[in-house]
Amino acid sequence: MAGILAAIRLRQAGEDFTVFEKAGRLGGTWRENRYPGLTCDVPAHAYTYSFEPYAEWDAYYAKGGEIQTYFEKTAEKYGIMPHVRFDSEVVSTVWDEGAGVWRLRLITGEEVEAEVVIAASGVLHHPKLPDIEGLDSFEGQAFHSARWQDDALVDGARVGVVGNGSTGVQIVTALSKRASKLVHFQRSPQWIMPVPYFQYSEEEKEAFRRDPALIEDIRNNKEYWDSIFRFTHAITDTHGPEIAAIEQICLDNLENSIRDPELKEKLRPNYRAACKRLIYSWSYYDAVQSPNVEVERNRIARVEAKGVRMEDGRLHELDTLVLATGFHADRFIRPTTVLGRGGVSLDDVWSVRPTAYYAVTIPGFPNFFMLNGPTGPVGNFSLIDIAEKQWAYVDQLIDLLRSGEARTIEPSADAHADYEERRIAAARTTIFGSGCNSWYLDATGVPASWPWSYEAFADAMAAPVLTDYRVEAAAELVER
Ligand code: NAP
């Protein structure tokens, strides 16, 4: 998504650029994830590029396959495809001080030179398998949610799903109508926010095609934006009215939807709402009340040949085990080796936690820009919008290179240290740091995200503070 965006903007600016794609197809997360029930929980019309509205969404929330089609159509329409080199994983990118360029090495062994590198390699990309004993001994098929097996036994079969993040909840909801027995293994219960869901009729789609302003009205819907603002304020004001309102809506949802008191208690979270990513669902609570579905809250002891053994000794016999256990969210461009000035490795710079100045640039790594990089906003809103705002910021930095005013540009170490100090202090006080485990936390337990409001992010991205940057002119290094 972010790479296609950068490509569109670079092509519009008449730049000479190449997109290196490790796979044989574009689409990122929407190419990788193909599990049953895959849906984006950002309203479909808000989950498009601002400049490319789409009349074809089937429903208020889009299915994964539709989103994949949208990105591929958009890449085609904007003339990106001839610029994409498929099956071209970048193994390393090394800054050549003398020449002032990055030298990229591809998996094919080929070397390529670039004045600017844009790392748009995604966040939730490297599957995290659970450390459950005996996984290899399972006689059925066991696989990660992002590696969905088309031949998996699901229909009329006994299926276990480990994990109840957004992915596990969507899979269980979809499989509840297909499996003969479905066990949802939940280590921690989740807050479930009820949301509306409806199909767009052919007449409505036709109206969108004729008049894209109708789509714009949906994108600008005041209620939607108010909810985004409320949500980001709730993240930062953990004792404020907004988070209390979110918790109340979710608790009412639990109270009013789940009939069996025992199941209700199993599903009741014991930490603050939005500490983990809030789950948006219109049908999960119906799914778990189907007679073929069991919510399992006891601890897993191990996986055995026939199924999953619980610590209390019970065995859930299964044909298929789906591991919806999340991603290594701290990888970003890695495992690509990135060596900046003086051969310093990004891996070493990130030994404690991945960081980037305002989530976009890194001291010592000139002309290197990240989209959806570390410490950017996370939450229940469109990452396309976030990437577009980041691009607007990056574009202004690239402009300095384009105009010849600069040969290299990178943030100063002091500016970055100051940003990180303020960010970490603020992040600890956000709802993400209120005492739960989630992929939002770095290895030291600090939330690895933007800790201020959406408006503060939009302001920061509107214009880089150039005095925080080291700009190297053709001959000399200038502190601005
Ligand atoms: P996740 O939110 O990281 O959830 C992983 C789940 O696996 C958690 O329930 C976790 O339990 C459980 N788990 C991990 N290791 C385990 C173990 N050893 N034993 C038992 N349980 C274990 O991953 P995800 O659901 O794939 O979602 C990741 C993110 O992808 C989401 O937060 C969201 O940003 C994005 N996503 C978005 C959508 C969308 O609709 N837009 C859909 C899917 C995903 P604990 O909670 O106890 O750690």
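Modeller: The model is a predicted one, and its chain has 14 helices and 23 strands. The radius of gyration is 23 Å, close to the 23 Å that the globule rule gives for 480 residues, so the chain is as compact as a globular protein of that length. Along the principal axes, the C-alpha atoms fill a box of roughly 75 × 50 × 45 Å. Of the 480 residues, 54% count as buried. If you take the contacts between residues at least 6 apart in sequence, 69% of them join residues at least 24 apart.

Now for the loops. As background, most residues other than glycine have a negative phi, and most peptide bonds are trans. Start with the loop between β18 (320-323) and β19 (337-339), where Pro 335 lies. The peptide bond joining Arg 334 and Pro 335 is cis, with omega at about 20°. Phe 332 has its place in that loop between β18 and β19 as well. Its phi is positive, near 50°, and Phe 332 is of course a residue other than glycine. Is Phe 332 buried or exposed? With a relative accessible area of 9%, Phe 332 is buried, because the cut-off for buried is under 20%.

Next, look at the loop between β20 (368-370) and α12 (383-402), which holds Thr 375. Here too the residue is not a glycine, yet phi of Thr 375 is positive, at about 75°. Thr 375 counts as buried, at 1% relative accessibility.

For a positive phi on a glycine, go to the hairpin of β6 and β7: four residues sit between the strands, and Gly 109 takes a phi near 95°. The two strands, β6 (residues 101-106) and β7 (residues 111-114), run antiparallel and are joined by four bridges. Across that pairing, Arg 105 stands opposite Glu 111 in β7.

What is Lys 264 in contact with, leaving aside its neighbours within four places in sequence? The contacts are Leu 254, Glu 255 and Ile 258. As for charge in the chain as a whole, there are 50 positive and 71 negative side chains, and the centres of the two sets lie 4 Å apart.

Note on methods
Residues numbered from 1 in each chain as written. Predicted model: local features only at pLDDT ≥ 70, side-chain atom pairs only at ≥ 80, totals over all residues. Heavy atoms only, no water. Rg over C-alpha atoms; globule rule 2.2 N^0.38 Å. Buried < 20%, exposed > 50% of the residue type's maximum accessible area, 1.4 Å probe, protein only. Contact = heavy atoms within 4.5 Å. Lys, Arg positive; Asp, Glu negative; His and termini not counted. Charge placed at Lys NZ, Arg CZ, Asp CG, Glu CD. Pairing = 2+ DSSP bridges.
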